[in-house]
Number of protein chains: 2
Amino acid sequence: MKLKHTHQLIIDNVSRFIDLTELEKQRYISLLTEVRVKKKDFLMQAGEITKYEYFITKGCLKVYTLDEDGVPHISMFAVEDYWTGDMASFMTKEPSRYFIKATEDTELLGISRANYNLLFQEIPKFERFYRILYQKSLISYIRRSNQGISLTAEERYIEFKSKYPNIINRITQKDLAAYIGITPEFMSKIITKVNRM
Amino acid sequence: MKLKHTHQLIIDNVSRFIDLTELEKQRYISLLTEVRVKKKDFLMQAGEITKYEYFITKGCLKVYTLDEDGVPHISMFAVEDYWTGDMASFMTKEPSRYFIKATEDTELLGISRANYNLLFQEIPKFERFYRILYQKSLISYIRRSNQGISLTAEERYIEFKSKYPNIINRITQKDLAAYIGITPEFMSKIITKVNRM
DNA sequence: GAAAAAAAATGAACTAGTTTAAGACTTTTA
DNA sequence: TAAAAGTCTTAAACTAGTTCATTTTTTTTC
């Protein structure tokens, strides 16, 4: 049976790690909720208790916190085929410290906490899917937190540019600075310098 | 049936997330290998392909990389009741970029790649265990990589001190500097300053 | 328990990245 | 399509953290 485009995308993503029967696919899809967020609108804000984890089918979002001085620190940009949300709040039911804001009109599929738990009961294979998904995310976070400490800002910029060429031209320089962990002014200097080389 | 002390520790750890029958416990234990590492010896070195993931029953290790200039960057200190290894190399079979060195005489339980995979086949509940374990690790890594960027070295030191009071007096100031991401000289200055306050 | 090796402290000169401020360029909105 | 708002650039003065060199203290080793 032919699936809707957005559903096909999420099934393809899941199928990278586990095999689902047609029935399981249908059941899985029935547990998802479609969400749309317009550019500049929030998918969620700090203080809220996260009710959903999301898969992005179209668009781009930035996930960030504000420090005591109100300075934003972006922890990730999420585009098509990425998973996003605040797992800490989703798991613990504590208020989130994150904002998630669309930088383009964005479409997502969300799974609620109740359905996430139901999923594991009904289709235990999903424990495996999430085990592998989290394992892979962990590997890339460990790598990133290591680089955050051992590389200079210029090196982190060059790294980001070569690793995410598809993301870099969809975001502002200011947001990139908030991700790299420097001021927009210094980001501007670095880009001028690197382009001159 | 009464278990050996070290086996009891790992079973207690696993039992925080899943319930095992006596038979499953016995089977799990049979898949583990006991390992001892003397202070200053390596559990593994960069260039090797990781064959095991480890659970620590006694002692302390540091997990680190060397950058191009040969400067060490410690990504974690692992003590009793922690899991350690290089998951990236364990998963991908690519050579590791990490060294793991004992800072005290250390005892561990290792699981080989073959047994790790066997475990999921024989006792699928372990998918759930690792799903939750990785999910929790991910939450704390995300938090750490965020702090690495938004806090000053002094704030990171104060944070570490209050979060890991049990670890801080088991490691050298030099190793702490390599973890915080600063030079030993600057670490020394910070400690003098913070103690004066 | 003395000698050697490693870790910690201190200080002066340096560099990567910040702050503040002002002007030029781009995008959004009415 | 003009005005407003936001983004980017440039530059000068500043600060957090580094580098290098030396001395003191602690730990390891035989």
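**The protein–DNA contact and the chain pair**

Author: In this predicted model, a backbone N or O atom of B:Thr183 lies 3.2 Å from a phosphate oxygen of DNA strand D.

DNA strand D is surrounded by 16 residues, of which A:Gln173, A:Lys174, A:Ser188, B:Lys39 and B:Thr183 are the closest. Of the atoms of DNA strand D that come within 4 Å of the protein, 74% belong to sugar and phosphate. Sorted by class, the surface near DNA strand D holds 3 nonpolar, 7 polar and 6 charged residues.

Sugar and phosphate make up 71% of the atoms of DNA strand C that come within 4 Å of the protein. By class, the surface near DNA strand C consists of 3 nonpolar, 7 polar and 6 charged residues.

From chain A, an N or O atom in the side chain of A:Lys39 is 3.0 Å from a phosphate oxygen of DNA strand C, while A:Ala153 places a backbone N or O atom 3.2 Å from a phosphate oxygen of DNA strand C. From chain B, a backbone N or O atom of B:Lys174 lies 2.9 Å from a phosphate oxygen of DNA strand C. Two or more residues of the surface near DNA strand C are given by each of helix 9 (184-196) of chain A, helix 8 (173-180) of chain B and helix 9 (184-196) of chain B. Helix 9 of chain B supplies the largest share of that surface, 4 residues.

The chains themselves are related by symmetry. Chain A superposes on chain B through a rotation of 180 degrees with 0.0 Å of shift along its axis, at an RMSD of 0.0 Å. This is the relation of a two-fold axis. In chain A, the C-alpha nearest the axis belongs to A:Arg131, 2.0 Å from it. The interface residues follow this pattern: 100% of those in chain A are also interface residues in chain B, so the copies meet through the same surface.

The extent of that interface can be stated as follows. Chain A and chain B each bring 32 residues to the contact. Between them they bury about 3,200 Å², with 63% of it on carbon and sulfur atoms. In chain A, the residues that lose the most area to chain B are A:Arg131, A:Leu138 and A:Ile149, together 20% of what that side buries.

Side chains of opposite charge can pair when their charged atoms come close. A:Arg131 forms a salt bridge with B:Glu127 through their side chains (2.8 Å, N to O). A:Arg131 lies in helix 5 of chain A and B:Glu127 in helix 5 (residues 125-150) of chain B, so the pair joins two chains. B:Glu127 also meets A:Arg128 in a side-chain salt bridge (2.6 Å, N to O). Across the interface of chain A and chain B there are 4 salt bridges, and 8 residue pairs are in polar contact. On the side of chain A that touches chain B, two or more residues come from each of strand 5 (72-79), helix 3 (87-92), helix 4 (113-122), helix 5 (125-150) and helix 8 (173-180). Helix 5 of chain A gives the most to this side, with 17 residues. By class, the side of chain A that touches chain B has 15 nonpolar, 9 polar and 8 charged residues.

How values were computed: Residues numbered from 1 in each chain as written. Chains lettered and ligands numbered in written order. Predicted model: local features only at pLDDT ≥ 70, side-chain atom pairs only at ≥ 80, totals over all residues. Heavy atoms only, no water. Near = heavy atom within 4 Å. Polar contact = N/O pair within 3.5 Å; in protein donor to acceptor, adjacent residues only side chain to side chain. Nonpolar A, V, L, I, M, F, W, Y, C, P; charged D, E, K, R; others polar. Contact = heavy atoms within 4.5 Å. Buried area = accessible area lost by both parts, 1.4 Å probe. Least-squares fit on C-alpha atoms with pLDDT ≥ 70 in both.
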